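Here's a quick briefing to read alongside the model. Keep the viewer open as you go.

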Amino acid sequence: MGDPLERLGSEAEMESLESTMKEELCMEIDPPFKENVATAEDWRKALSKVVPAVVVLRTTACRAFDTESAGASYATGFVVDKRRGIILTNRHVVKAGPVVAEAIFLNREEIPVYPIYRDPVHDFGFFRYDPAAIQFLNYEEIPLAPEAACVGLEIRVVGNDSGEKVSILAGTLARLDRDAPHYKKDGYNDFNTFYMQAASGTKGGSSGSPVIDWQGRAVALNAGSKSSSASAFFLPLERVVRALEFLQKGRNSYSNKWEAVSIPRGTLQVTFVHKGFDETRRLGLQSDTEQIVRHASPLEETGMLVVDSVVPGGPAYTQLEPGDVLVHVVTQFLKLETLLDDSVDQKIVLQIERGGTSLTVNFVVQDLHSITPDYFLEVSGAVIHPLSYQQARNFRFHCGLVYVSEPGYMLFRAGVPRHAIIKKFAGEEISQLDELISVLSKLSRGARVPLEYISYTDRHRRKSVLVTVDRHEWYAPPQIYTRDDSSGLWTAKPAIQPESLQLSSAVNPIGQGVTSQTVVPSGEETHAEHVNLVHSLELADGITTMETSDDHSSEEPHSREESDVGTKKRRVSDLSVNGIAVTDCSLSETGEVKSADSSTMESEISRDYQGAMTVTTNASLAESVIEPTLVMFEVHIPQAIMLDGVHSQHFFGTGVIVYHSQDLGLVAVDRNTVAISASDVMLSFAAFPIEIPGEVVFLHPVHNYALVAYDPSALGAIGASMVRAAELLPEPALHRGDSVCLVGLNRSLHATSRKSIVTNPYAALNISSADCPRYRATNMEVIELDTDFGSSFSGVLTDEQGRVQAIWGSFSTQLKFGCSTSEDHQFVRGIPVYAVSQVLDKIINGAKGLPLLINGVSRPMPLVRILEVELYPTLLSKARSFALERSLGPSSFTCFIDIENACQALDKSGDNDGNLKLTIFRQGREIDLIVGTDVRDGNGTTRVINWCGCIVQDSHPAVRALGFLPEEGHGVYVARWCHGSPVHRYGLYALQWIVEINGKPTPDLDAFLNVTKELGHGEFVRVRTVHLNGKPRVLTLKQDLHYWPTWELRFDPNNAVWRRETIRGLDYSVV
């Protein structure tokens, strides 16, 4: 609505109109402008009563739910009922989903608070607390006076603005009829109400602050602000007063068991907007109708309610249309809400005008709470629940559809984005969450089934993806969380019987799975909004669900884009934009695939594929020989266990088969593709069109390669016959000027090759440590070429006969710009194949090491003896500058392989206790030393613990290589942290060691578990940490076993499966 003063022509007329407006306001408000003459003493007295009743709310959204992400934040609230212990704040502070919160009073008394009500539409909610818990503060409740709000009223906003303990901002109410602010197109928005506006300049953390007058009464509730100006938006209190009265009637005083109170709320699933009479006339409102409405309305009324949108499937979906003008019964938001709330499940009659035609429509008012979800399914880190009215209105979908609030791991791995609506799963139509749970209960671990979904950005097309049920126990079994308004908690129970998820025997053979795949781009960019929620002062931005940042963090972002370095590494968030669509997936009613005889189909596929391969007539001999040995890797890492500083959740690259027999296949690949053993690996073979899982069996501690095993029987008889191992040629070593063939795979699994010349066969690597320590190749020489295919292309280097002389692998590094900016990059170099052949021989011929189950057979895996020191080469000319005089003899170490050979010689002799005799040159003189060596396996990190939301592990090699380990103990290293967890709320971030818990040392994971197992739910814990930079710190946090039980994940070599065990949690039956 425009200001009428802007349309006046003379200064005299303006003064006359201002006088008239004041007289009209005097008729409505008594006293008229007493507020404008309030003295400083009046405000001092009012604030002295108000400030003690205002609290800082520290809230943690434990799970993503509905419109909110998981995260920790600060906000404001104020006491509105001291006897019953009720605090008023915003709905986006109370949260629609699970929340843990504490209130901090003026004198720093901290007490837990529990949500008792959050309005489904309007931005207000209530927490409860125990009034007896406040022992040292005298305070009074703040009365609510919605009737006192008027234009020109001088106000104060008292709250936790920008993180300040108490901030008092002044302003003047400028408007009472502002449209409800629009915050996000896929998040929470208020509607069907007016808002007030003032230039008070509130910022983050002031959400839920009282807007008070000079008498100390709350006249509005601070809710939002505009980032481009100082405008602040306040929610009127009429509906707040009604809800509070219902709560007060249901509870005379505070008690530990708060019984849930039902507050009637009705809806037609229609969004109305207030339009001025000039606009309604253009919409076709008849002049007679306008005259009747003006006469029946207060003098300050300037418009009517108009239908803006109708949610599909709602009570008014087929009867109301955008542009309809409400005529009789209601012309204001407050009257409309009163009518609906008092008529739940009853019939009402409304009169509208549509294009100048009068219509009478009948509705049955729907219970608003029935379309507000109060339960969700958590499976593989995903949060799935019925689509709420809020999001149905945003996306124009039916309420109650199966909505993905957070994709987690299993769905994100398949490319299902956030806000997706699941329509079909494993061949069965899905319209309710119970149907999804029923289908899920029939699937075994490792099963791969199609899923169809739609999204609001591409609502008219279904997309199909292939979902792989977690084979390992990365996450807890599926659970259903249900809201309990009496306790303020969400209680969990198993969604399916634990025995339902049994391990799948093998990959579906040809003809019993998806028959074809096609890639379809999907998704659209979202546009930034100019209006920000005055949401809590949020604690910093992270990167994924788990974080390594040492800074403060806010809510988890909906999506993140990463400046990629080529296409080698992809974030999981990118999958929501480029999903993989699977077509022609016809499943029978029982979930079995309708297909022809598997052997017949396998033969047909083999003939077609062989025919397609013969088209490439220009392929060189080396390319033809090596192509059947190449494998494309796609590697996914669960967010819950991103160990060893791994910097992404999705990798892909090319590997080469180095061993292939009837019962075992081994593929060599670089460690920038397979970074850690805790990952899901899928292999696609160039020789035969099939994708099967692989298992990481060996990670070389020094050289940049890993060995991944696969089951040849999963290829089928024809596939196993077409796939073969490459011939390795470790000797003779490559020399400068040698000609080699660089062969690899493109994304279509077609071989690509080129001739290149070796420019440097002994280039020494020098990769600096990343900000978050992770694996980096050290103490190795690599091969450089004159030309290659770029930094994202990996493969092998062969001779003219196709014999592999080196792996052309990817190396991860980090480029730093200035003191605080860095960017992940990668480059490719050749890895001499001798390092692979040495380990391969030990695996095949039987090694002295720990057994590992591979394809049902227990095999001893080799151990690698290394000198745990980082070396770098220097020129002899520079060495002489350090006074090195004598000539180097034949026993001198001149390259890294000399060190490796010396370490391996120790294993052969067996009588030296693993000590290496060295002669070094230090400060101008030779020194003879006996240096101990270290024996490493190829398993990587095999144990991880989640405590209070932080992922702790033993210090991995990249951390130890930094040269500093705390004297108090270095066996409990914080690798990651989770959004919405206690460590997020209290600031226990990554890149530090936990050395003490409540004064008890924690030198290793066993000691850490023994200490934390004794801690109770809700107990405050004193934690002493040491950062990577050596800085010690002591902090406290409150353990939450309800939403964040302590669990341990271990790799079981006897079964080749990661097992999850709950160490300490709560029995929900007694919560």
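Which residue forms a salt bridge with arginine 483? The partner is aspartate 485, with the closest N and O atoms 3.0 Å apart; a salt bridge here is a side-chain nitrogen of Lys or Arg within 4 Å of a carboxyl oxygen of Asp or Glu. This is a predicted model, where local features need pLDDT of at least 70, side-chain atom pairs count only at pLDDT 80 or more, and totals for chains, interfaces and linings use all residues. Residues are numbered from 1 along each chain as its sequence is written, and side-chain values use heavy atoms, leaving out hydrogens and water.

**Confidence**
- Mean pLDDT (the predictor's confidence in each residue, from 0 to 100) is 84, and 82% of residues reach 70 or more.

**Salt bridges**
- The whole structure has 46 salt bridges.
- Glutamate 691 pairs with arginine 448 at 3.0 Å, N to O, linking strand 38 to strand 25 across 243 residues.
- Lysine 755 and glutamate 800 also meet in a salt bridge, at 3.0 Å, N to O.
- Lysine 755 sits in strand 41 and glutamate 800 in the loop between strand 43 and strand 44, so the pair ties together parts 45 residues apart in sequence; strands are DSSP E runs of at least two residues, numbered from the N terminus.

**Aspartate 324**
- Aspartate 324 is buried, at 1% relative accessible area (buried means under 20%, with a 1.4 Å probe and protein chains only).
- Aspartate 324 lies in the loop between strand 15 and strand 16.

Terms used:
Helices (H or I, at least four residues) and strands (E, at least two) are DSSP runs, numbered from the N terminus. Buried means under 20% relative accessible area, exposed over 50%, partly exposed in between (1.4 Å probe, protein chains only).
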